4 protein chains.
Amino acid sequence: MKKLNKIGVLTSGGDAPGMNAAIRAVVRKCFYEKIEIVGVVKGYQGLIDDNIRLLDPSSVSGILKEGGTILKSARSKDFRTKEGRGKAYINILKHGIDALIVIGGDGTFTGANIFGEEFNIPVVGIPGTIDNDLYGTDLTIGYDTALNTVVEAVDKIRDTATAHSRLFFIEVMGRDAGFIALSAGVASGAEVVLLPEKPTSYDELKGFLEKQYSYQKESSIVLVAEGENMGSTLDIANRVNEEHPEYDARVTILGHLQRGGSPTVVDRILASELGVAAVDALLEGQNSIMVGMVKDEIEYVPFIKAIKNKKNVNSRLLNLISVLSG
Amino acid sequence: MKKLNKIGVLTSGGDAPGMNAAIRAVVRKCFYEKIEIVGVVKGYQGLIDDNIRLLDPSSVSGILKEGGTILKSARSKDFRTKEGRGKAYINILKHGIDALIVIGGDGTFTGANIFGEEFNIPVVGIPGTIDNDLYGTDLTIGYDTALNTVVEAVDKIRDTATAHSRLFFIEVMGRDAGFIALSAGVASGAEVVLLPEKPTSYDELKGFLEKQYSYQKESSIVLVAEGENMGSTLDIANRVNEEHPEYDARVTILGHLQRGGSPTVVDRILASELGVAAVDALLEGQNSIMVGMVKDEIEYVPFIKAIKNKKNVNSRLLNLISVLSG
Amino acid sequence: MKKLNKIGVLTSGGDAPGMNAAIRAVVRKCFYEKIEIVGVVKGYQGLIDDNIRLLDPSSVSGILKEGGTILKSARSKDFRTKEGRGKAYINILKHGIDALIVIGGDGTFTGANIFGEEFNIPVVGIPGTIDNDLYGTDLTIGYDTALNTVVEAVDKIRDTATAHSRLFFIEVMGRDAGFIALSAGVASGAEVVLLPEKPTSYDELKGFLEKQYSYQKESSIVLVAEGENMGSTLDIANRVNEEHPEYDARVTILGHLQRGGSPTVVDRILASELGVAAVDALLEGQNSIMVGMVKDEIEYVPFIKAIKNKKNVNSRLLNLISVLSG
Amino acid sequence: MKKLNKIGVLTSGGDAPGMNAAIRAVVRKCFYEKIEIVGVVKGYQGLIDDNIRLLDPSSVSGILKEGGTILKSARSKDFRTKEGRGKAYINILKHGIDALIVIGGDGTFTGANIFGEEFNIPVVGIPGTIDNDLYGTDLTIGYDTALNTVVEAVDKIRDTATAHSRLFFIEVMGRDAGFIALSAGVASGAEVVLLPEKPTSYDELKGFLEKQYSYQKESSIVLVAEGENMGSTLDIANRVNEEHPEYDARVTILGHLQRGGSPTVVDRILASELGVAAVDALLEGQNSIMVGMVKDEIEYVPFIKAIKNKKNVNSRLLNLISVLSG
């Protein structure tokens, strides 16, 4: 077992519900292992600006259920420069930090990978992003909560859609990946999902909506991932409304609503497990890896793999939509 | 007490959570009073299209907690014509309907008022709209639920706003009235509210945001009613971002999310009370009135008053925002 | 206007959701009025133990939406003795506190009344209790949240009750008053409510349940206030099960669940209004009064009246239960 | 592929959120495969009583989000007798039912296994129980929803526990298994969990509580599975209170609250997947098996295995509690 005196932890990139649960687990595990733990405020920028404070079990009391991140997050331009990272390293030396735990997504791990190699400091990543688009872990922290937030919202919109027999286009997060749209689509009984991973032509969409309309469906919901291929959600809806004013289609863009809220049980447990696992990984001498959960086992995935590889959406779910929305 | 054999009930205009609770109360009260009750599907259009079905206590079993309206709602162009209303009246005669209860807002009561006078049929209205902009009742059915939906959404957005020390503009419903924006603003601790009732200049807004920023507020929320004076929410945010890119302002438009969901206790009780009161009003021989709740007493308000007069927002709450958001 | 340099605020008795919102309003209003504000931790006992700390706007940042009370609450035996109150007063002198704001119920105001008279210090009360059993205010802080918590729980139990066509007895808080049971009963469509204010005999209950059963009701819910007349909820259910094993009656006691949770919009606004009003009352030179909300106006009610008088449950709601549950 | 003309579906045993989502998936998949589908009302008793009705896509419209089961559930004594099962089989012949899908737990599959063998009718099971105690599937339908219900309740109780620095014992479902207590314990930050799978002595518990108390923990939560070894939750709390009145320990028994509510995303997707998989299994000629989800793959598990084998709680989670609650 490696000897560690002090670990630093930070959250970076888009925040996700459950990040606080992960911070709490890291802090309590360090307390349990008698390792000092400091929190870096505002991500990598906080390393550069020396925005660092001591954490102890009482600092994380009551945060398990809170959305957001007590360490705040930010995207740092400075950290993309060698100079910026140099300043960050000076602060790491100053505080006597032996190793870093970074909670975030793709961009966070890219930075961690460069930094770790440059200065030979052990860094372990915890996957925290609502998008679930990280290779090497079945689930990312925040994804299950975001899904439940989306589905509760769709359930509410369904109430009013049904009251007026209307068509709704609902845009959810996912610039590069359709995980949220697909899973929320199955869970909310969406009639159609539009994903980056499975291009749909306008004519296919139109044909489908016409079939639905002819069945006198009480309401129809099209769940749209930001990154799908057909242009903006508003444009699609406008085009549909021009050709079929009788559908009276409306648009809702759920936006940042999806990032907040008290984490679900799945996210709290995942965050607790991965927080503890990240400290264990450092104690085992691991470096430049992400701790992931794969088929309910903890796995170590090199940053380089987590960043480079593409995680695929579940094809069983794609199939479910067409069977169940008929 | 007037002898009534059969009452018809319908929902019209934008749907609101609690409409089902009102329908249930009307149906059960009629059952209690041994009056037959029929539901008109899709509002006034359903009267014209003879889309009418018998209701009994089992038809409304389990709907107390459901959003939307089992009778569906619609806006009817035909009902604005004399011909359309004539067809509606023929169906009323055909079904032997002695009186109508209409659940909705402004537009619903305008139609009811004309129809009732034209054909001398007693009509009583129940205020159901999330906007709360009806004179003659302190609360409309759906308003409290919409407020709670908005505040839960703002709470979630606050999580992510605080994590990134960001400014958010959140647009809520209210084309003519700022009730939702104002009350939700107080309840969510919004730093600013923009309302149709209290025009704010861009410079005032800017000055306020600059003051907030200089205080290093962890996050700021501006709650915007659709109908405020300064142009679209997106435009305001863009202008702010151009002048102050460091605010990194974001926009969320809550949209139809606000119409759905299981009604709150306040809305369920209000709807139950007003549903029973509407039947009582008909039994007392009332006509062309809305049943309202004023200072916790049931009042009858002539349609003409409810439509013509403007309800003011609570000035105490306006004052609260400036005291509490400092 | 009275000159005040420093106000103390405390929460006492059973905690209620929205107490934090009231503390926040008191603190921010004091900041706005340039009055120093200190928080007394753990109620009157904290006064005796000198558990007092300075508050400022940042101390109350983010607490608007939190259940519980950041000042903690406790019941104090020592404060019932003259000696205890004397120690409390010494600490008040020591800190230079000019006036006190106490948030709580019956017992809290009884203590405040004695203490204020004994030592001639202005005390203003804010009604905070989920039970709503305080004369002089239509609503107490926490009541609306507790009602929504109860109704959400009853909705869930209704799911399983209906799945098994079962009878459930659900006990809610209310040792002396049936406000929660009555309002939650209307809002959840309970078939029967048992209240201290309206004694029901076992035979009435039995007759009613037999009628319900003969109608083949899908499920029945009896909502029981702790303080009703017929003995413990468990005993009633057991007696019913002995005589009618076919009802397969079950019991759920909601307990302390009812005290927690994020406050609703009604409670957040009420707490914000009353918090500001309490400071205003002190500035106006008021003393030994509770600030209440009566028919949407703020009123000052002498402690002695708030304590001695009994608030009645709404008779319209009692009537509603019998009309709607038929 | 086996030719099937008509399938029957039923829910049996304790109801669980997501059963409706499973019914919907079975019905829509049958519609998709052009197989007739009938619903048996009230479980096996409905088979005996010929309480059977045709289902089609419109029968399951809107039920995806509803708790409970539209087919109702019941425990049937008659079905335990050969005579009862004989009557059931006669009704199966009468309706021309080729195969059965049964949704439930242990007891449901025991009955299915006997019935299928006795009368040579294909039966496939779907695991639906909040307890998660079925071998052969990582998750059962309803478990994730129950966990979230429990954790929301514990979060609320934590508010009031912290306000009063109190100790709470909270009893959750689980007569034979501690899945709910353990996972909810990790997710709610419970200080102790008491499980049937890991006997705790009273002295261990007492020692732990004393340590917590000496640390001046703001509050402590002990999560108790019904089936733990130390006697009733009430008795444990009483004993603790006798020895340590200063803990002021309280008890809440969550009870049937845990069975209801709108299913979470995890449960809706699981139910949708397993519903479709059950029909697929019958089409493949499977018989006397349960469809389970194991490491995100659908597996067929013979009833006999699912019933006889014991699923173990996750030892990683047991370890987490001791690391994180310290």
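Let's start in chain D. Lys198(D) sits in the loop that runs between β7 (192-194) and α7 (202-214). Keep in mind that this is a predicted model. Is Lys198(D) buried or partly exposed? Partly exposed, with a relative accessibility of 42%. Now look across to Gly178(D). Along the chain, Lys198(D) and Gly178(D) are 20 residues apart. Their C-alpha atoms are separated by 8.8 Å.

Next, chain A. Thr200(A) is in the loop between β7 (192-194) and α7 (202-214) of chain A. Thr200(A) has a relative accessibility of 8%, so it counts as buried. What does Thr200(A) contact, leaving aside neighbours within four places in sequence? Leu194(A), Leu205(A), Asn229(A) and Met230(A).

Arg158(B) counts as buried because its relative accessibility is 16%, and the cut-off for buried is under 20%.

Last stop, chain C. Glu152(C) lies in helix α5, residues 143-163 of chain C. Glu152(C) is partly exposed, at 44% relative accessible area. A patch residue needs over 30%, so on area Glu152(C), at 44%, qualifies. Which residues form the negative surface patch? Glu152(A), Glu152(B), Glu152(C) and Glu152(D). On screen, go to Glu152 in chains A, B, C and D to find this negative patch.

Methods. Residues are numbered from 1 along each chain as its sequence is written. Chains are lettered from A and ligands numbered from 1 in the order in which they are written. This is a predicted model: local features need pLDDT of at least 70, side-chain atom pairs count only at pLDDT 80 or more; totals for chains, interfaces and linings use all residues. Side-chain values use heavy atoms; hydrogens and water are left out. Patches are made of residues with over 30% relative accessible area and no salt bridge: like charges are joined within 9 Å, nonpolar side chains (Val, Leu, Ile, Met, Phe, Trp, Tyr) within 5 Å. Accessible areas come from the Shrake-Rupley method with a 1.4 Å probe; for residues, only the protein chains shown count as cover. A salt bridge is a side-chain nitrogen of Lys or Arg within 4 Å of a carboxyl oxygen of Asp or Glu. Lys and Arg count as positive and Asp and Glu as negative; His and the chain ends are not counted. The place of a charge is taken as NZ of Lys, CZ of Arg, CG of Asp or CD of Glu. Helices (H or I, at least four residues) and strands (E, at least two) are DSSP runs, numbered from the N terminus. Buried means under 20% relative accessible area, exposed over 50%, partly exposed in between (1.4 Å probe, protein chains only). Contact means heavy atoms within 4.5 Å.
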